[in-house]
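This briefing walks through one protein model, topic by topic. Keep the sequence and the structure in view while reading.

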Amino acid sequence: MSNTSRKSTNLIAKPLTPGYEGSIKNIAYLPGGRRVITASYDETVRIWDVEKGEQEGTSMVHGGSVYSLAVTRDGKRILSAGSNQRIRVWDVETHELVEEWASHTGQIDCIALSPNDQLVASGHVEGKVVIMEMKESGKIKHSINAGGWVSSLCFSPNGEKLACAGSTNQAYTIQVYDIDNGELVLSSIKGHEDPVSCVLWSLDGSQLFSASNDRTIRCWSSETGTSIGKTWIGHTKAVVSLSLSPDGTKLASASYDKTVRFWDAHLGDPIGYPLQHKDVLWAVTFSPSGDFVASGGYRQKVSVWRVPWLDETQTQVVVITTLMHLPMLFLTIPVTAGTFFLARLPGCAHSQGPSPR
């Protein structure tokens, strides 16, 4: 988005259903790309129709701030986890609670599903990783002491390993565990200067990507743990979320600096222009087609953007704004490249988490 060609456009808002009372912590697409799921500090999980900009059905009340989401590959179940120390399983169509698993003694910061949906991994703020059987009502397969705060988990593409990002005694590391026996197979991948907020596998499983509060993204060999290539630099504050495009060639990152940036997953080079937001971001995710990204954060807003490497004259923005104690606002509008959106909104609600840096 060019700094020299920005135009200001006032938003015309359409009042819809009541909105959130807390920041959006996590976003996931349902298969097909027409619906997104959001997790919020207001203790709810919600499904949104992207084309209509409307909430679909009732909110799913988790019973505590929701920090993480996972969706089964068939799109029939949603898993949510957070401050109430439980994982809840929801039916996508009815929004009803299917199961509840109590596997932790403290808040759960992250969850991940294996590629075949057979296993669920959850990460504890006090350093516990629990691997559970999805089809056996959360029966524990392994309980692992990771040694410190677990901030992110990700299964390898073949489902045989689990990457774990966290912090131990001021050491900011990534560890890899064997799923079959629960043993550590790659320990203490180090290089970040601040906590690691997110870890992802490459599509072929040969590399790991990590994001950190030190404002950088890094790439590692998943076999040896050695650093690959240069440090990816561009964000000016903590990088808190990563998403890999469906074809594995591009990476999207979200930051406290209020931008989403895109990167060549093989070279680490930036792609296109940053997507500028008005507020601090917590999450970003690619759509199943790879043509869009959804982002969300502090001011109870979800934005859906067309990726910049497509025809820029077709750039489209969908904004679902959910305001405290006010009706939700929604806008779908086609715009040309270089268009800047200005919305006059009330102040945002306070949320937990580290201060933006």
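In this predicted model, strands S16, S17, S18 and S19 form an open sheet in that order, with antiparallel pairing. Strand S16 (149-155) and strand S19 (184-190) are the edge strands, each pairing on one side only. Neighbouring strands of this sheet are turned by 20 degrees against each other on average, direction ignored.

- Eight bridges join strand S17 (residues 161-168) to strand S18 (residues 171-178), and the two pair in the antiparallel sense.
- Leu162 has Tyr177, in S18, as its bridge partner.

**The S8-S11 sheet**

- Another open sheet consists of four strands in the order S8-S9-S10-S11, with antiparallel pairing.
- Strand S8 (66-71) and strand S11 (97-102) each have a single partner strand, so one side of each is left without a neighbour in the sheet.
- On average, neighbouring strands here are turned by 20 degrees against each other, direction ignored.
- Strand S10 (residues 86-91) runs antiparallel to S11, and five bridges join them.
- Within this pairing, Ile87 has Trp101 of S11 as its bridge partner.

**Overall make-up**

- The protein has 33 strands and zero helices.
- Of its 357 residues, 58% are buried.
- Among contacts with a separation of 6 or more, 43% are between residues 24 or more positions apart.

**Aromatic rings**

- Nine aromatic pairs turn up in a search of the whole structure.
- In one of them, Phe286 and Trp309 have ring centres 6.3 Å apart and planes at 40 degrees; the pair is therefore tilted, since stacked needs under 30 degrees and edge-to-face over 60.
- This pair links distant parts of the chain, its members being 23 residues apart.
- Phe286 belongs to strand S28 (residues 281-286), while Trp309 sits in the loop between strand S30 (301-306) and strand S31 (316-321).
- Phe286 has 6% relative accessibility, so it counts as buried.
- Trp309 has 29% relative accessibility and therefore counts as partly exposed.
- Trp309 also has a charged residue over its face: Lys250 lies there, at 4.9 Å from the ring centre.
- One aromatic cluster is formed by Tyr41, Tyr67, Tyr256, Trp282 and Tyr298.

**Arg306**

- Arg306 is found in strand S30.
- Is Arg306 buried or exposed? Arg306 is buried, because its relative accessible area is 19% and the cut-off is under 20%.
- Arg306 and Asp291 are 15 residues apart in sequence, and their C-alpha atoms are 5.9 Å apart in space.

**Confidence**

- Mean pLDDT for the protein is 82, and 80% of its residues reach 70 or more.
- Where is confidence lowest, and where is it highest? The lowest is in strand S1 (residues 7-10), at a mean of 25, and the highest is in strand S25 (residues 250-255), at 98.
- Residues 1-20 keep a pLDDT under 50, and the model has 59 contacts beyond four places in sequence for them.
- Residues 322-357 likewise stay under 50, with 126 contacts beyond four places in sequence in the model.

Key: Residues numbered from 1 in each chain as written. Predicted model: local features only at pLDDT ≥ 70, side-chain atom pairs only at ≥ 80, totals over all residues. Heavy atoms only, no water. Pairing = 2+ DSSP bridges. Axes fitted to C-alpha atoms, helices over the stretch in contact; angles between N-to-C directions. pLDDT = per-residue confidence, 0-100. Contact = heavy atoms within 4.5 Å. Phe/Tyr/Trp six-rings, centres within 6.5 Å; stacked < 30°, edge-to-face > 60°. Buried < 20%, exposed > 50% of the residue type's maximum accessible area, 1.4 Å probe, protein only. Lys NZ or Arg CZ within 6 Å of the ring centre and 35° of its normal.
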